[in-house]
Amino acid sequence: MSFGQIVSLALGAILIENFIFSQFLGICPFMGVSKKVDTALGMGVAVIFVMTVASIFCYIVNEFLLVPLNLEFMQTVAYILVIASLVQFVEMFLQKMIPSLYQALGIYLPLITTNCAVLGVALLNTQNGYNFIGSVIYGFTGGVGFLLAIVLFASVRERMDFTGECPKAFEGFPIALIAAGLIALAFMGFSGLKI
Amino acid sequence: MNIKKQFNEALTSNNPVLVQLLGMCSTLAITTTLFNGIGMGISVTIILICSNVVISLLRKVIPSKIRIAAYIVVIAGFVTIVDLLMQAFLPSLSESLGVFIPLIVVNCIILARAESFASKNSVAASAVDGLAQGVGYTIVLVVMCIIREFFGNGTFGGGILGFEGAGIRILPQEYTTLFIILPFGGFLVLGVLIAAMQHISNKSAEKRKEAGK
């Protein structure tokens with residue numbers, strides 16, 4: 001892959017086709033873990049790591065196990081198993097080696113298994129036919145896009161205190177969804193970006 | 001077992017999308033035409049019923065430490081079956097839903113129902129629960145599709161009705177708002193729907209309070 005292709009792939013994954021705001025992957029953790037900037041940051045970093053490593057392993061599993069054995073139809077099952085065991089492994093590794101980070105991430109770590117951005121990136125890598133480098137770049141920058149989105153949204157949400165100002169029915173989740181929609185609208189501005 | 005109560009809960013007070021706030025990704029992403037919504041809703045309902053039944057059957061066999069992994073394997077199996085069947089018999093639907101069909105594996109509704117209901121209840125009750133929750137999910141999807149398609153495209157029933165599945169035109173093209181089809185519209189419409197649900201439940205809580213006085 002040439003340098004230009006890599007840059008356009010990276011910019012596409014971070015801004016133009018942001019996983020949250022344009023592809024709707026990973027909305028559950030995005031809405032769930034975005035009440036504070038600190039936790040959002042921790043979640044984002046963990047997702048970057050898992051997405052990158054998941055892209056690497058899923059590429060290897062697909063290329064050297066499923067394709068030679070003509071088992072491509074088992075992709076979904078194989079990928080989710082890779083991701084689940086990967087998250088489990090990361091959890092055990094952090095617990096032993098970097099307990100402080102493990103404590104900071106807390107319950108968010110196992111939740112990454114059911115983050116559709118992770119399975120989504122593995123499936124999209126295969127669907128779009130990216131090679132090894134492309135898969136790694138797409139996984140990493142997709143994670144960066146997720147981090148950007150969740151940190152932006154958490155900092156908006158921290159300042160949002162609509163008590164008494166917002167209609168009672170909209171309090172809590174609905175107004176947060178609409179705020180996310182407005183950020184998505186802002187992100188649409190990037191769709192004009194041509195590289 | 002109380003079938004009527006289970007359905008009532010799934011459709012109103014414990015709706016998977018509007019109240020439990022699960023399965024947001026697919027709800028936002030694919031609700032652009034009616035065909036998409038119905039297809040996704042039916043696929044999720046089928047997978048939900050099957051996985052609930054199997055997990056309920058295995059609930060005494062699966063060790064609790066690895067239960068989540070076991071559930072995911074069961075769910076992934078059914079998702080693969082539905083995915084392959086759809087590719088074979090409904091290729092156009094499979095194309096327009098794209099990556100969101102395999103992503104049903106990580107749809108929180110299915111895992112949440114396995115964990116909170118199927119692993120504790122009998123097979124029949126779990127099957128009914130799967131059907132009820134699936135129908136609750138499908139109804140929200142269809143409502144969102146109808147709203148987004150009407151305002152964004154001015155049509156009804158895109159993908160199935162009308163000439164070559166273009167849908168029946170209700171609103172002239174000049175009066176449509178493209179934004180509602182775009183990601184922003186997904187967030188907006190879902191936000192408004194959840195707000196409507198909260199409004200209704202607030203109202204009924206007030207009524208109950210007054211009646212209690």
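**View 1. The largest nonpolar core of the predicted model has 109 residues.** Within this core, the residues with the most contacts are Met40(B) and Phe100(B). The largest share of the core comes from helix α3 of chain A, residues 37-66, which contributes eleven residues.

**View 2. Surroundings of Met40(B), one of the residues with the most contacts inside the core.** Leaving aside residues up to four places away in sequence, Met40(B) touches Ser26(B) and Ile30(B), then Leu97(B), Phe100(B), Ile101(B) and Ile104(B), and also Tyr137(B) and Leu141(B).

**View 3. The interface of chain B and chain A, in which 34 residues of chain B are in contact with 35 residues of chain A.** The two chains bury about 3,100 Å² between them, and 85% of this area lies on carbon and sulfur atoms.

**View 4. Helices on the side of chain B that touches chain A.** At least two residues of this side are supplied by each of α2 (24-29), α4 (67-89), α6 (108-118) and α8 (183-212) of chain B, and α8(B) gives the most, with twelve residues. Sorted by class, the side of chain B that touches chain A comprises 27 nonpolar and seven polar residues, with no charged residues.

Methods
Residues are numbered from 1 along each chain as its sequence is written. Chains are lettered from A and ligands numbered from 1 in the order in which they are written. This is a predicted model: local features need pLDDT of at least 70, side-chain atom pairs count only at pLDDT 80 or more; totals for chains, interfaces and linings use all residues. Side-chain values use heavy atoms; hydrogens and water are left out. A nonpolar core is a set of buried Ala, Val, Leu, Ile, Met, Phe, Trp, Tyr and Cys residues joined through side-chain atoms within 4.5 Å. Buried means under 20% relative accessible area, exposed over 50%, partly exposed in between (1.4 Å probe, protein chains only). Helices (H or I, at least four residues) and strands (E, at least two) are DSSP runs, numbered from the N terminus. Contact means heavy atoms within 4.5 Å. Buried area is the accessible area (1.4 Å probe) that two parts lose on being put together, summed over both. Ala, Val, Leu, Ile, Met, Phe, Trp, Tyr, Cys and Pro count as nonpolar, Asp, Glu, Lys and Arg as charged, and the others, Gly among them, as polar.
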